[in-house]
Amino acid sequence: MASVSINSLDVAFGTVKVIENLNLDVEEGEFIVLLGPSGCGKSTLLNSIAGLLDIADGEIWIDGKNVTWEEPKDRGIGMVFQSYALYPRMTVAGNLSFGLKMAKVPKPEIAERIKGASELLHIDDLMHRRPVELSGGQRQRVAIGRALVRDVNVYLFDEPLSNLDAALRTELRVELKRLHRELGNSTMIYVTHDQVEALTLADRIAVMHGGIIQQLASPRTIYHRPANRFVAGFVGSPRMNFIAGHIETGSGDPVFVAGEIAHPLGDYDFAEPPSSGTAAELGIRPEHVRIDPDNGGHTVTVEIVEPMGAETVVWCSLAGHTIGLRLDGDAAHEPQDTLKVGFPGDRLNLFDRETGSRL
Amino acid sequence: MIMVSVGVFVFGIIYSVLLSFTNAKLFPKFNFIGLDQYERLWGETRWLVSVENIWIFGVLIIVFQMTLGYLLAVFIDQRIKQEDAFRTIFLYPFSMSLVVTGLVWQWMLDPNLGFSSAMQKLGFESFVFAPLVHQSTAIYGLVMGGVWNGVGVTMAILLAGLRGIDAEIWRATRVDGIPAWRAYLYIALPMIRGALATALILQCTSIVRVYDLVIAMTQGGPGIATQMPAIFVIEHITNRQNVALGMAAASMMLLPIVVLLAIKSAADWHAKSRREQRAA
Amino acid sequence: MTGIATTAGGIAKDRPRGPRPRRVTASRVGVYGFLIIAAIYFLAPMWVMIVTSLKTMPEIREGFLFNWPREVSFEAWTKAWSTACTGRDCEGVRPGFLNSVKITVPSVAISVVIAAINGYALSFWRFRGAQIFFAILIFGAFVPYQVVIYPLIIFLREIGLFASLPGIIIIHTIFGMPILTLLYRNYFAALPEELFRAARVDGAGFWSAFFRIILPMSVPITIVAIILQVTGIWNDFLFGIVFAGRENMPMTVQLNNIVQTTSGVREYNVNMAATILTAAVPLAVYFISGRWFVRGIAAGAVKG
């Protein structure tokens, strides 16, 4: 049984439909990340699940209960916010216990739950401080703690790490993953625009754009077999190289043609046999471009070299297209060098230029 | 010009305070007689009544404006469709002069013309609500007028404060299941301390200055029941021709403002040094 | 849609779906009830004033305070405007209106211009002693007027401007200065400092930077300042009665004299018409400026 189910959800702000006919099933114990650029509807979706905004149509089920009309507090969820949203004039202990007191949880149980959560999050010695006296990382731990003490099965995270600096973000990211494992079968729904967070944390990622889930799959699939042009372009940094052209089928293997570039597609795994003349876009990630002096298919000219320490990104021109290559940190190339490169067939992505979907 | 302005305040205050130690009558003469004027001042019934009145008036105004102002702000904050209309209605009295306010409420509370007689005409024969005619209640009539004029400002400032609270705090309270009234009382109220302080300072300055309202509403009467320090000072400068006594009273009026500002700067200094301590 | 119903087990149609049904809850009724009662408290006096000013004296004596007049009469309004008596003379509030215009227009213009330049100078040059200077300004904004009125009377007498139009204009300018300067300075201080630096790098002097860069950016704050000053000066009573002199009594003083005069019968309809006339200018400013007015108050409240 799904832990969270969203059935044909519509959300509108005034007359503008932000989300239209969205369906999503989240399994129990799953860590699902809603990933997308700002304005894609991911936070709207999360707030709809929480019951914090009015939906126009559809149903929301949590733990087998139809909660579409329930108040947020009755939905069996805990939520962590981007700005932490701690109650500023209360101590950490006050922040953790206020909701429980309101729900008339008996005092010994409140104490026990707070003890459990604070030990899990290493905030037990901060109990008598107020939020202003805490660092950003500590505040976010308290905010997570406030969600944990609710003792529910579903936790919602709305960009919880985006207000933190890079080092803390990495640290808390690891901690969140550990937390998810230690809590066992807790479902987590996590909104972010940071693809690294999405790829490292998620069991499954839902990439969103324009209020629609573009692809719902494991991080591995999202990265290596993006379902459409948007997902391919959004996930990955530096981003995937794209070359616009069309497909020609003749006597032999289909060939991708773009001006003077012709690339055979013999070992590409087509979803269905392509028809000749299909306007298509070829995509290949920078780390998958091979330098192959002997049997490289294309000749490129180096334009800009960006050494980044662990790796070097080399930007080249290929018949008027700019192609990025991700090479070893010690790769030594100079502008104006010419290189022979190859595009391994099993690393290629082809998208229909009209529909954007994977061919 | 600004130098003139600053000069006026600095020298004017020094001048006034100095005069309060003299026996000047109609014209300023610096013939120092020490604290005699203060001694006289605190022996005058008129002044004692004025001081008592300003305390009663002040405390009541602050209590009513704060509670009513916050209530109005909270109720307007409930996603009311006609929000702008209500806000306009609550605030318009403030745009009018206190003279106008005073006259309006003088009529509203007039036993032969106003609310009281209207209720009697409607059949409530024994209904009497005319605080201004009795010495013991006139001050409460002033409070009614004052609150009517000024509560909209408190409402507007506190509402701005409420609107400044991060929307995620409200979301957190809904997820936590905290009832709205508790959220407003225990979470929002402590968060808008800045707005509360601003409203309080504004109220205090207008309370100390209160003059037009009383002149228009009661002329300080009945008897001397609604005398105020501000009236006392002006009277002694103009009609009573006892400048030095008036200046002694004026210097006393300065005191609460000085104390208030001292408390505020002490609080600022304390906060600053605490911040620095944490930074160190 | 039907597909979903089957996946969830084909439960009855009326199960929760779509937006929460809007019920008229008790708390909602309470909210509106409270707001409406409050609105009545605020509006009732104005209503009474308007209907009373349109009634005749016999009808007023009947005592139905809130009723709309049986017969609408504007007689009281014309009388209030041009022939009502103050005890001294019988010219209505008209001379007071003209005096208030003569006082308000130059006072507002002078004080706003000077304050804008002052505020600009204070943010352009961060000079030593600025802290103390501001402390005095803030103090000046809060000091009870009574403390400095007497020295000012002496001062104006010495320069021969006591009880004259220029005298009262000077008074309003002086008392407007602290709050307006703070207003402008806070506004300019919120502008990025780079703006001033860039102007200097581009070779703009003190005045050319002011007119070319700062002034065009100061329109909003100037509107706020003008609203603050127009209502403040128009509504002033104390300075008018002390400093303006008999010939220049502003409208508020004139109104008070008309209403409080003890000679003759009290004509409530005339008095209320005169009161509405006196309140008309600031009310018009308020209703036209809308949210700007609120901004003015908040700005006037000086975050010290």
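1. A nonpolar core is a set of buried Ala, Val, Leu, Ile, Met, Phe, Trp, Tyr and Cys residues joined through C-beta atoms within 7 Å. The structure discussed here is a predicted model. Its largest nonpolar core holds 251 residues, and the members that touch the most others are A:Leu156, A:Ile189 and B:Ala249. Helix 8 of chain C (residues 165-190) supplies the largest share of this core, with 14 residues.

2. Which residues does B:Ala249 touch, leaving aside those up to four places away in sequence? They are B:Leu41, B:Trp47, B:Pro229, B:Phe232, B:Val233 and B:His236.

3. Chains B and C meet through 68 residues of chain B and 60 residues of chain C. On the chain B side of this contact, helix 1 (residues 2-19) gives the most, with twelve residues. By residue type, the side of chain B that touches chain C has 53 nonpolar, eleven polar and four charged residues.

4. Chain C is assigned two domains: domain 1 covers 26-73 and domain 2 covers 94-300. Their centres, taken over C-alpha atoms, are 34 Å apart. Eight residues from domain 1 of chain C and seven residues from domain 2 of chain C take part in the contact.

5. On the domain 1 side of that contact in chain C, the elements giving two or more residues are helix 2 (26-53) and helix 3 (57-62). Helix 2 of chain C provides the largest share, four residues. The residues on this side of domain 1 of chain C comprise four nonpolar, three polar and one charged.

Key: Residues numbered from 1 in each chain as written. Chains lettered and ligands numbered in written order. Predicted model: local features only at pLDDT ≥ 70, side-chain atom pairs only at ≥ 80, totals over all residues. Contact = placed C-beta atoms within 7 Å. Nonpolar A, V, L, I, M, F, W, Y, C, P; charged D, E, K, R; others polar. Domains from an automatic or database assignment. Buried ≥ 20, exposed ≤ 12 C-beta atoms within 10 Å, placed from the backbone.
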